[in-house]
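Dear colleague,

Please find below the structure that I am handing over to you. My notes on what was found in it follow directly after.

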Amino acid sequence: MNFIEAIFQYDFLQKALITSIMVGVICGVIGCFIILRGMSLMGDAISHAVLPGVAISYLLGINFFIGAVATGLLTALGIGFVSQNSRIKNDTAIGILFTSAFALGIILISFLRSSSDLYHILFGNVLAVRPSDMWMTLIIGILVLGGIYLFYKELLVTSFDPTMAAAYGLSTRFIHYLLMMMLTLVTVASLQTVGIILVVAMLITPAATAYLLTNRLSRMIFLSASFGTISAIIGLYLSFTYNLSSGASIVLVATALFALVFIFSPRHGLIRKWKTSTKEVAS
């Protein structure tokens, strides 16, 4: 049975496809602001920091969303607190706190009765997505996209020129922590699809691909969301057809798209640069 026929026949595959597309869109959109602000390491930190929250949620028998959001936000706040109240720079604070949170999560994992659900959280298994996961992803997507729509100008200005934003009276700290909250929500929404370990790739790779194609933020957001969606659909197809890890398949498709744009981009591609340098040498 081919992939298209299976979509119309199997309910679990329909939920997987819808959830994958939603994750591709919201990761692509929020990822644009992450790379423009040079916060890729923060995305990695948040994705790892939710692990102890997931483990605690399993131990208490509650939805992992609650614990994951709590520990993600606490880590984001802790990074800001340490960097603002010591000589430690932001990247060092990130390295200390996210590795500590991840280590705590590993310790807590040893108390879990079953490792099957945890494996899905670490590496993703969108084919096992539940209706509650799909609705949670939809709600988070609405909240995140709505937040970006409402604060688009503030995010735009603070991403490109935080000094000017502060001069205009904008609260750069508020925008920063708002973005951290949205990043945490997107990370939690992506756990079932690509997992903790690979979620940072979906946050960064589609946005980086779009960044090579345009200098306008609005167009970059659209392209990034499109690349995230394409990666999710093709990755799900490969996962279902060849019995591969869904998260890894989606990430590798996103990486392949980046490689193509990296080579063939009309503005910043390798071939374009090679042609330009050749002309300069010839002249």
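In the largest nonpolar core, which has 64 residues, the members that touch the most others are Ile30, Met42, Val144, Ile148, Leu179, Met182 and Leu191. A nonpolar core here is a set of buried Ala, Val, Leu, Ile, Met, Phe, Trp, Tyr and Cys residues joined through side-chain atoms within 4.5 Å. Buried means under 20% relative accessible area, exposed over 50%, and partly exposed in between, with a 1.4 Å probe and protein chains only. Helix α11 (residues 172–211) supplies the largest share of this core, 22 residues. A second, separate core has 9 residues, among them Ala6, Ile7, Val126 and Leu236.

Please note that this is a predicted model, in which local features need pLDDT of at least 70 and side-chain atom pairs count only at pLDDT 80 or more, while totals for chains, interfaces and linings use all residues. Residues are numbered from 1 along each chain as its sequence is written, and side-chain values use heavy atoms, with hydrogens and water left out. Helices (H or I, at least four residues) and strands (E, at least two) are DSSP runs, numbered from the N terminus.

Leu179 touches Ile30, Phe33, Ile34, Arg37, Met39 and Leu155, leaving aside residues up to four places away in sequence; contact means heavy atoms within 4.5 Å. Leu191 is in helix α11 and is buried, with a relative accessible area of 0%.

Helix α3 (residues 40–49) is mostly covered, as 8 of its 10 residues are buried. These are Met42, Gly43, Asp44, Ala45, Ile46, Ser47, His48 and Ala49. The buried residues of α3 pack against α4, α5 (64–84), α6 and α11.

Leu51, Pro52, Gly53, Val54, Ala55 and Ser57 of α4 are buried. Val54, which lies in this helix, has 0% relative accessibility and therefore counts as buried. Not counting residues up to four places away in sequence, Val54 touches Phe64, Gly67, Ala68, Ile121 and Leu191. Val54 and Ala68 are 14 residues apart in sequence, and their C-alpha atoms are 5.2 Å apart in space. After α4 comes Gly61, with a positive phi near 75°.

On the surface, Ile56, Leu59, Leu60, Ile62, Ile66, Ile107 and Phe111 form a nonpolar patch with about 690 Å² of accessible area together. Patches are made of residues with over 30% relative accessible area and no salt bridge, where like charges are joined within 9 Å and nonpolar side chains (Val, Leu, Ile, Met, Phe, Trp, Tyr) within 5 Å. Accessible areas come from the Shrake-Rupley method with a 1.4 Å probe, and for residues only the protein chains shown count as cover. Helix α4 (residues 51–60) gives the most to this patch, with 3 residues. Phe111 lies in the loop between α6 (90–109) and α7 (116–123) and is exposed, with a relative accessible area of 54%.

How many salt bridges were found? The count comes to 2 salt bridges, a salt bridge being a side-chain nitrogen of Lys or Arg within 4 Å of a carboxyl oxygen of Asp or Glu. One joins Lys15 to Asp11, with the closest N and O atoms 2.5 Å apart. Both residues lie in helix α2 (residues 11–36), 4 residues apart, about one turn of the helix. Lys15 is buried at a relative accessible area of 11%, whereas Asp11 is partly exposed at 48%. Arg130 and Asp133 also meet in a salt bridge through their side chains (3.2 Å, N to O). Arg130 is partly exposed, with a relative accessible area of 43%, and Asp133 is buried, with 4%.

The structure holds 0 disulfides, a disulfide being a pair of cysteine sulfur atoms within 2.5 Å. Cys27 is in no disulfide, and the nearest cysteine sulfur, that of Cys32, is 11 Å away. Cys27 has 0% relative accessibility and so counts as buried. Cys32 is likewise buried, with a relative accessible area of 0%.

Lastly, Asn243 has a positive phi of about 55° although it is not a glycine. Asn243 is found in the loop between α12 (217–242) and α13 (246–264) and counts as exposed at 70% relative accessibility.

With kind regards
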